[in-house]
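Work through the exercises below with the structure open. Try each task before reading its solution.

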Amino acid sequence: MRFSCPREVLYQGLQTVQRAVPSRSTMPILSGILLEVRQGFLRLVATDLELGIEVLLPVEVEAEGRTVLEARYLSEIVRRLPEGAPVAVEVEEGGGSAQLKAARVKYALRVMSAEDYPELPQLEGERLWKAKESDLRRMIRETSFAVAVEETRPFLTGVLLEMRGGEVAMAATDTSRLAVSKRGTLPGELEERLIVPVRSLNEVSRNLDEEGEREVLVSWTSSQIQFKLPSLRLVSRLIDGQFPNYQQVIPSNYAVRLEVSRGELLSAIERVSVLAQGGTSVVQVDVKDGGIVLSAESEVGRAEEEVAAAVEGEAMEISFNSRFLTDVLRVLECGAVGLEFTGQYSPAVVKPLGDPAYQYIVMPIRLR
Amino acid sequence: MVSTCSYEARRFGIRSAMPLSQAQRLCPHAIFLPVDLPHYVGVSRQLHALLQSFSPLVEQASLDEAYLDLTRVRDEYPSLRALGRAIQERIRKELALSASIGISFNKFAAKVASDLEKPGGLTVIEPADFARVVLPLPLERIPGVGERTAHRLRSLGARTIGDVKALPKQVLRSLFGRAGEEIYYLVRGLDLRPVKPEGQPRSVGHELTFPCDLQGEKELRQHLDAVVRVVAARLAEKGLQGRTVTLKARLAGFTSVTRRLTLDAPTSDRALLRQVAHRLLSRLPHSQPVRLLGVAVGELSSAQQLTLFP
């Protein structure tokens with residue numbers, strides 16, 4: 001195996017796949033990265049058996065072949081090579097080490113057996129969603145923050161990918177709040193409910209462009225899901241379990257409705273919650289004519305701020321974990337949001353104004 | 001030993017910490033009562049609850065002393081004196097006790113004020129009156145000044161709070177360190193100590209020690225469930241929820257190990273706590289006999305996060 005390419009090309013590729021290399025594993029081979037030179041490309045693969053990442057890099061191919069190099073050292077070496085230097089990598093057939101040369105530096109690096117490296121499965125079936133890059137990225141961004149962190153209920157540590165009636169939605173909940181983003185479309189009658197580990201989705205998202213127009217091919221089996229771009233492929237395990245029936249907790253009416261500037265509300269909550277209690281940071285929303293008053297207090301003192309809002313409905317006092325509000329307000333990009341309260345102790349809804357594709361439902365806090 | 005005595009008895013020279021025989025000699029017709037701590041604690045709780053109805057910021061300084069932060073309620077009364085009277089009146093009506101109240105702009109001045117007209121007094125010290133009222137008092141009245149500090153101050157010729165005020169900061173600092181600096185500010189009426197309401201407990205927990213070493217996950221789980229039941233009940237009783245769950249186990253040989261997990265949101269839910277406790281149990285060193293199991297729930301909060309799904 002022999003190839004050469006600019007240092008930056010190899011560096012970028014390693015950066016992408018390295019995120020799937022496990023920090024510790026009972027399988028030593030997984031601490032390596034698979035390098036395969038074939039048909040004008042260098043293919044890099046890394047996996048921890050939950051998530052696998054593959055990239056294809058255009059390189060100067062001199063001899064085809066494959067090998068596995070220790071991820072830690074390979075990345076460290078390439079990172080330190082002089083910028084713009086061409087890198088040449090060579091492994092002799094059956095040889096015990098790889099030669100890596102750039103500028104005036106030479107490395108001989110121990111290799112592991114490529115035969116031992118677990119190959120990423122190719123998921124190419126009929127079950128396929130052609131997602132628009134920017135939409136997929138946005139759906140992940142709008143939901144992934146709401147997953148549960150603890151592992152007591154593993155199915156809540158993932159994001160639900162739901163296909164139904166020609167629509168594709170993502171939903172995530174930690175049981176106190178729920179984020180639902182419905183920005184995908186799908187021809188046909190496919191119905192599917194898949195739970196994707198949030199870490200895998202975040203890796204997908206890292207490789208997508210906010211304004212990108214590329215098509216991401218999403219395909220799946222009952223236990224795995226694949227996200228494919230022209231030179232990148234991610235394969236992730238799916239999480240087993242029954243995601244809660246989230247539709248039934250989305251309120252269909254409200255007692256109070258507010259329209260308020262997203263930016264103003266976000267910074268007001270951030271200012272007020274400085275004085276909120278340590279454990280759960282509670283912010284109280286006091287709905288009045290012509291606006292709301294946000295307040296927070298603790299042993300240290302009390303903070304209060306008025307925020308102008310268009311109010312429809314009755315007066316109400318309702319308290320929230322401030323983080324549950326700031327999380328969603330940070331993720332949205334709209335100018336104004338609609339807040340709908342159904343009662344002091346019942347679900348509240350946050351919606352970006354004029355954008356029916358997104359809903360965030362959050363439960364209040366009961367103070368004693 | 002005399003634990004405490006009424007103002008009437010004090011007139012005969014009886015003091016706290018005096019031997020009973022001496023007290024009897026000083027005042028033969030005095031009535032001696034045994035200490036009934038449970039009763040005092042009960043009344044003290046009632047007093048605390050009563051004070052809390054005036055302001056949520058109540059700091060219990062001892063069984064029969066408390067600081068109240070009245071900043072946010074003073075405007076509801078025509079004057080500070082009227083507010084003090086209202087508190088005194090309620091204590092008299094509901095607990096049949098007389099109380100001395102001092103109202104001022106910080107804790108030090110308020111404490112001094114409350115001591116000025118005992119028993120049953122009500123004294124307000126306005127900031128402008130601080131120097132006139134407080135400075136002539138003996139230096140022992142300064143908070144944090146005990147026997148030894150007082151002795152050293154007296155050896156410098158100081159007798160009153162005013163005398164201490166005349167001492168340079170450097171002298172106080174070199175004599176008493178940081179505490180000296182605090183004294184320097186206190187005697188100038190600068191006391192920034194906030195009224196600290198009684199803190200919530202840091203954690204709620206329960207432990208079970210077994211008569212013999214136990215082994216086997218199944219058996220341990222049963223005992224763990226019993227511990228969790230108690231913890232969940234205590235949380236519910238106090239209206240608290242916690243975000244961290246710590247499992248403590250004492251293994252044979254008296255080594256203790258702990259395992260901890262932090263939840264997304266505070267909980268007092270027994271089923272969830274049980275599930276978490278079981279997970280923590282499985283993380284203990286395997287196949288070791290266990291002598292004690294305990295569960296503690298920390299990062300407590302009284303705010304209850306409601307949930308969308310059961």
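This is a predicted model: local features need pLDDT of at least 70, side-chain atom pairs count only at pLDDT 80 or more; totals for chains, interfaces and linings use all residues.

**Exercise 1.** Determine whether A:Thr47 is buried or exposed, and which residues surround it.

*Solution.* 
Step 1. Locate the residue. A:Thr47 lies in strand β3 of chain A, which covers residues 41-47.
Step 2. Check the accessible area. The relative value for A:Thr47 is 5%. Buried means under 20%, so A:Thr47 is buried.
Step 3. List the contacts. Leaving out residues up to four places away in sequence, A:Thr47 touches A:Ala20, A:Pro22, A:Leu30, A:Gly52, A:Tyr117, A:Pro118 and A:Leu120.
Step 4. The A:Thr47 side chain reaches the backbone nitrogen of A:Leu49 at 2.9 Å.

**Exercise 2.** Trace the open sheet of nine strands in chain A and find the helices that lie across its strands.

*Solution.* 
Step 1. Write the order: β14-β11-β12-β13-β26-β25-β24-β18-β22, with antiparallel pairing.
Step 2. Neighbouring strands are turned by 20° against each other on average, direction ignored.
Step 3. Zoom in on one pair. In chain A, β24 (336-341) and β25 (348-352) share five antiparallel bridges. A:Leu339 has A:Val350 in β25(A) as its bridge partner.
Step 4. Helix α4 (198-206) of chain A lies across β11, β12 and β14, at about 85° to β14(A). Helix α5 (262-272) of chain A lies across β18 and β24, at about 95° to β18(A).

**Exercise 3.** How far apart are the C-alpha centres of domain 2 and domain 3 of chain B?

*Solution.* 
Step 1. Chain B is divided into domain 1 (7-98), domain 2 (131-186) and domain 3 (203-302).
Step 2. Take the two centres. Those of domain 2 and domain 3 of chain B lie 50 Å apart.

Notes:
Residues are numbered from 1 along each chain as its sequence is written. Chains are lettered from A and ligands numbered from 1 in the order in which they are written. Side-chain values use heavy atoms; hydrogens and water are left out. Domain bounds come from an automatic or database domain assignment. Helices (H or I, at least four residues) and strands (E, at least two) are DSSP runs, numbered from the N terminus. Buried means under 20% relative accessible area, exposed over 50%, partly exposed in between (1.4 Å probe, protein chains only). A polar contact is a pair of N or O atoms within 3.5 Å; within protein, one must be able to donate a hydrogen and the other to accept it, and residues adjacent in sequence count only if both atoms are side-chain atoms. Contact means heavy atoms within 4.5 Å. Two strands pair if DSSP finds at least two bridges between them. Axes are lines fitted to C-alpha atoms, for helices over the stretch in contact, and angles run from 0 to 180 degrees between N-to-C directions.
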